[in-house]
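Please look over the sequence and the structure before reading on.

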Amino acid sequence: MQGVRHRGRGVDDTVRIGIIGLGEVAHVHLAALPIVAGAQLVAVCDARSGVVEKVAQQTGARGYVDAAAMVGDGGLDLVMILTPAATHRMLVELVARAGIDVFCEKPIAVNLEDAKAIVEVCDQTGIRCFYGSTYRYLPAVRSARELIKNGAIGKAQLMSEIVVSGHGLEGYVPLPFSHYPEGGPGGPGMSLIDHGVHLVDIFGWLLDEKPQSIIGHGLKSGQPAGTEFLIANYPSGAIGHLLYNNATFPTSLPNEGIFAGGAGWGNDGQYVPAGGWINDPGSISVWGTSGSLRIFHYANALFMNTGKGSQRVETPGLAPPGHFSAQLTACVQTIREGGMPAVTARDGLVALSVVLAAGDADKGIDPFG
Ligand SMILES: NC(=O)c1ccc[n+]([C@@H]2O[C@H](COP(=O)([O-])OP(=O)(O)OC[C@H]3O[C@@H](n4cnc5c(N)ncnc54)[C@H](O)[C@@H]3O)[C@@H](O)[C@H]2O)c1
């Protein structure tokens with residue numbers, strides 16, 4: 001079925017959506033859905049019956065505690081898999097074999113075997129897999145990509161995000177084994193596997209390149225807190241750099257921070273609504289041969305310095321959490337109009353392989369050897 005051509009359903013057709021997984025991220029997707037033209041939520045599923053009942057009542061969607069039963073009842077054009085990454089393979093296989101297009105949240109899986117199986121089942125069945133890369137829909141990131149593509153900062157040489165923050169070792173909360181099984185990649189929400197997987201996708205997207213070698217060190221689920229890092233080398237000579245430790249404290253100076261132009265999480269994991277003050281905002285720095293950029297992704301602010309000091313740059317588009325509806329709009333539009341997803345399971349596989357290579361690099365393994 002590889003290479004199957006996807007014809008559009010037609011712009012007057014409604015895309016009937018089912019959701020599996022009604023946890024934290026599902027609430028952001030559920031809030032985004034009503035403003036997505038042509039999308040209709042028709043079914044929801046979660047292993048927790050109380051949550052299913054509540055969401056089904058609020059939305060008017062059919063409720064299920066068993067994903068196979070939801071898929072088996074049919075009447076779905078797209079199933080969104082919003083469960084922990086360890087469950088993605090099993091659920092993508094279920095949905096793909098029923099011939100239904102799928103949206104799968106990041107990370108695509110927790111190991112390469114599962115990620116490759118996801119790509120394979122989508123190829124075999126000819127269904128489309130939309131990979132959840134919300135960062136590609138953040139206006140500050142999109143504007144930065146345009147500037148880089150147009151040569152505004154010359155040749156991009158170094159991209160870096162540093163998330164060294166938190167509430168000390170006592171306040172350190174790794175994600176549970178249901179998300180990241182013991183012994184595999186793991187850590188808190190601001191770790192290489194859970195957050196860095198967004199960033200390595202963005203680094204590659206900013207450059208339109210895939211890395212050719214990686215060095216790094218990643219945390220394992222169930223092991224003590226520590227520092228993680230990744231250095232990705234790209235064919236153009238550019239370098240992508242990530243540094244994480246969420247079991248310490250920020251080094252921000254008093255009153256350092258930014259007013260949030262959008263809603264999102266600071267480096268310490270704290271949720272800040274639009275307009276709120278973020279002491280420790282997440283940002284990506286990009287240094288080029290004739291300028292530099294500072295991308296405050298969630299705070300929706302972008303600054304450029306081409307030798308005259310940092311100037312703020314416009315970031316048109318929906319500020320966070322609007323990037324979730326922008327992502328879903330693109331997905332629904334592709335199903336209605338035909339064509340392939342802008343971000344696929346293969347992109348998810350690349351991002352995961354980069355993060356896992358960093359996790360294993362300290363063992364002396366050459367991930368691309
Ligand atoms: N794009 C983003 O910015 C973003 C943000 C947060 C989370 N995520 C991703 O979304 C996914 C879910 O994260 P979360 O924080 O919402 O997790 P969560 O733990 O809050 O919720 C997961 C839900 O899935 C349900 N579930 C698990 N297995 C199931 C199964 N087999 N059938 C039915 N229901 C099942 C659980 O009962 C739970 O309600 C993860 O892959 C995560 O990395 C993405």
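In which sense do strand 4 and strand 5 pair, and over how many bridges? In this predicted model, the two strands pair in the parallel sense, over four bridges. The chain passes from strand 4 through helix 4 (residues 88-97) to strand 5, a right-handed β-α-β crossover. Strand 5 also pairs with strand 6 (residues 129-131), again in the parallel sense, over three bridges. A right-handed β-α-β unit is made by strand 5, helix 5 (residues 112-125) and strand 6.

The table gives one bridge for each pairing.

| Strands paired | Bridges in the pairing | Bridge partners |
|---|---|---|
| Strand 4 and strand 5 | four bridges | Ile 81 and Cys 104 |
| Strand 5 and strand 6 | three bridges | Phe 103 and Phe 130 |

In a regular strand, side chains alternate between the two faces of the sheet. Strand 5 is covered on both faces: Asp 101 and Phe 103 are buried on one side, Val 102 and Cys 104 on the other.

Helix 1 (residues 24-32) has Ala 26, His 29, Leu 30 and Ala 32 as buried residues. These lie on the same side of helix 1 because they cover an arc of only 160 degrees around the axis. Glu 24 and Ala 31 are exposed, on the face turned away from the buried side. The buried residues of helix 1 pack against several elements, including strand 4 (78-81), strand 5 (101-104) and helix 8 (322-337).

Elsewhere, the axes of helix 6 (residues 139-149) and helix 7 (residues 192-207) come within 9 Å and cross at roughly 35 degrees. Helix 6 contributes Val 141, Arg 142, Ala 144, Arg 145 and Ile 148 to the contact, and helix 7 contributes Ile 202, Trp 205 and Leu 206. By class, this contact has six nonpolar, no polar and two charged residues.

Technical notes: Residues are numbered from 1 along each chain as its sequence is written. This is a predicted model: local features need pLDDT of at least 70, side-chain atom pairs count only at pLDDT 80 or more; totals for chains, interfaces and linings use all residues. Side-chain values use heavy atoms; hydrogens and water are left out. Buried means under 20% relative accessible area, exposed over 50%, partly exposed in between (1.4 Å probe, protein chains only). The arc is that of the directions from the helix axis to the C-beta atoms. Contact means heavy atoms within 4.5 Å. Axes are lines fitted to C-alpha atoms, for helices over the stretch in contact, and angles run from 0 to 180 degrees between N-to-C directions. Ala, Val, Leu, Ile, Met, Phe, Trp, Tyr, Cys and Pro count as nonpolar, Asp, Glu, Lys and Arg as charged, and the others, Gly among them, as polar. Two strands pair if DSSP finds at least two bridges between them. A crossover is right-handed if, with the strands pointing away from the viewer, the path from the first strand over the helix to the second runs clockwise.
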